[in-house]
Amino acid sequence: MVIAIIGGGASGMAAALAAAENPGVQVLLLERQARVGRKLQATGNGRCNLTNLHALEGGYHGTAPDFAGEALKAFDPQATLAWFRNLGLYTVAEESGRVYPYSDQANSVVDVLRFALEKPNISLHTGFEVQKITRQEKGFALSDGEQTLFCNKLIVACGGIAGSKLGGTMSGYKLLSKLGHKSTRLRPSLVQLKTGWAEVTSLKGVRANCKIEILHDGKRHSQSAGEVQFTEYGISGPVVFEVSRDACSERGEWKAQLDFLPDWTEEMLLEELLRRTRTNLPMDELLTGILHNRLGRVLTRSAGVRGRTAASELTAEEARQVCRCVKAFEISLTEPLGMDSAQVTAGGVLTEQFDPSTMESRLVPGLYTCGEVLDIDGDCGGYNLQWAWSSGRCAGLHAGKETL
Ligand SMILES: Cc1cc2nc3c(=O)[nH]c(=O)nc-3n(C[C@H](O)[C@H](O)[C@H](O)COP(=O)(O)OP(=O)(O)OC[C@H]3O[C@@H](n4cnc5c(N)ncnc54)[C@H](O)[C@@H]3O)c2cc1C
């Protein structure tokens, strides 16, 4: 039996290795780029956060997030780590549950998978972009416009549209739509958020710990805590990725409220500011030694505290205003930065048209799918790659096992 897999990314490679466990199966792995695992190599800032030990406790989204449960349970983070260990990858888990390769290099993950794919019953075709799928009596014909390959079963593992410079494409949605599968609206997730606040450019490059709340028309949309990074356009960093899902997706007023001293009460900060009024600090250095100096100056300026006059002139009302700016600084949000910069696609191919225990299509027998192309997306922290491994393995095993 020949099983073709379209897409040599995380889920496609997991599917290929699972399908090839059955020696009666010949696997064709088709990748449009020059090599497999291109996006994987860029994950986790080049470190690859390959899973999260808490991935079974939630953290997945979509029209029907429960769809992910069966595949995740069948191949959970511990099973995934044992599988990688068997492929030769050593890993380390952080306290947060995020797991990275011991080498701290995403390349190591790609390499162990690449070597594992070197099996007599797996043939890899790079530079092969499937443009057309035609159903046949006993399977499918796959064409890249020049060459046609045949298979008995087909796994579509084309990924999502996020990170287009690394291989994100509409291809999977289009190919599946021609076979009758519908998709939801696609949105960027785990992405930077743009602001209309002009002063953000003066903070470009500044990192700060904070508690962040995204507010939509004054109501809480999402919240998290961690490190925010200011960019030329807005805010970024893991903490922003965590709250970015569906931010600015509806009309109305969107804001980020940042608490730059989440461990301090307002009274503690007020007391410290009043202590500083008894020193010879200039007014715009009031927060020096507490926050990043550029951030401190922007916050005191935003609080309306005047230029370089002495801190001793600070009034009680001005001190309260500085406190408010440090503890609940609001910046307007306009839109997410876009699919190019997003780490994952929210939305995708409707999961109700697939069987969650096998990943097989309910419309086209012998057709399977896995990974980001489906309407499942995970939180920041290794959840998306865990979904790719679990759903890929599920599709590969079942395509490989089941009879024609
Ligand atoms: C910058 C960045 C950092 C990230 N960091 C993390 C992280 O640290 N941890 C985490 O959990 N997630 C991370 N993610 C998300 C994660 O990488 C993806 O969710 C995951 O790779 C999805 O796996 P996939 O197999 O579905 O798709 P992909 O890995 O995108 O693979 C799909 C493959 O299919 C190929 N393809 C598409 N169409 C065709 C076609 N028609 N013919 C042939 N080949 C085709 C593509 O070229 C691609 O190689 C990150 C994403 C980005 C962009």
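Visitor: Let's begin at a helix end: which residue just after helix 6 takes a positive phi?
Guide: That's glycine 180, with a phi of about 105 degrees. Keep in mind that this is a predicted model.

Visitor: And which residues of helix 6 are called buried?
Guide: In helix 6, residues 171-178, they are Ser171, Gly172, Tyr173, Leu175 and Leu176. The word needs a relative accessible area under 20%. These buried residues pack against strand 1, strand 8 (132-136), strand 11, strand 19 (344-346) and strand 20.

Visitor: What is the overall picture of the chain?
Guide: The protein chain has 11 helices and 21 strands. Its C-alpha trace spans about 85 × 45 × 35 Å along the principal axes. Of the 404 residues, 54% are buried. Take the contacts between residues at least 6 apart in sequence: 73% of them join residues at least 24 apart.

Visitor: Why is threonine 80 called buried?
Guide: Buried means under 20% relative accessible area. Threonine 80 has 0%, so it counts as buried. This residue sits in helix 4. Leaving out residues up to four places away in sequence, threonine 80 touches Phe75, Gln386 and Trp389.

Visitor: Which residues meet where helix 4 packs on helix 5?
Guide: From helix 4 come Trp83, Phe84 and Leu87, and from helix 5 come Val109, Val112, Leu113 and Ala116. Sorted by class, the contact has 7 nonpolar residues, no polar ones and no charged ones.

Visitor: How do you know that strand 5 and strand 6 pair?
Guide: Pairing takes at least two bridges. Strand 5 (residues 91-93) and strand 6 share 3 bridges, in the antiparallel sense, so by that cut-off they pair. In this pairing alanine 93 stands opposite valine 99 of strand 6. The two strands form a hairpin with 4 residues between them, where glycine 97 takes a positive phi near 100 degrees.

Visitor: What about strand 3 and strand 6: how many bridges join them?
Guide: There are 2 bridges between strand 3 (residues 51-52) and strand 6, and the two run antiparallel. The cut-off is at least two, so this is a pair as well. Here threonine 51 stands opposite valine 99.

Visitor: Which way do the residues of strand 6 point?
Guide: In strand 6 (residues 98-101), Arg98 and Tyr100 point one way, Val99 and Pro101 point the other way, and all are buried. In a regular strand, side chains alternate between the two faces of the sheet.

Visitor: What makes strand 7 and strand 20 edge strands?
Guide: They belong to an open sheet of 5 strands in the order 7-2-1-11-20, with parallel pairing. Strand 7 (122-126) and strand 20 (367-369) each pair on one side only, and that puts them at the edges. Neighbouring strands in this sheet are turned by 20 degrees against each other on average, direction ignored. Strand 2 (residues 26-31) joins strand 7 over 5 bridges in the parallel sense, with valine 27 opposite isoleucine 122.

Visitor: Which helices lie against those strands?
Guide: Helix 1 (residues 10-19) lies across strand 1 (2-6), strand 2, strand 7 and strand 11 (153-156), at about 170 degrees to strand 2. Helix 11 (residues 383-401) packs on the sheet too, touching strand 1, strand 11 and strand 20, and makes about 175 degrees with strand 11.

Visitor: And what runs 13-16-15-14-17-18?
Guide: A closed barrel of 6 strands with antiparallel pairing. Its neighbouring strands are turned by 45 degrees against each other on average, direction ignored. Within it, strand 15 (residues 219-230) and strand 16 (residues 234-236) pair over 2 bridges, and glutamine 229 stands opposite serine 236. Helix 10 (residues 316-327) packs on this sheet, touching strand 17 (254-259) and strand 18 (329-336), and its direction makes about 110 degrees with that of strand 17.

Terms used. Residues numbered from 1 in each chain as written. Predicted model: local features only at pLDDT ≥ 70, side-chain atom pairs only at ≥ 80, totals over all residues. Heavy atoms only, no water. Contact = heavy atoms within 4.5 Å. Nonpolar A, V, L, I, M, F, W, Y, C, P; charged D, E, K, R; others polar. Buried < 20%, exposed > 50% of the residue type's maximum accessible area, 1.4 Å probe, protein only. Axes fitted to C-alpha atoms, helices over the stretch in contact; angles between N-to-C directions.
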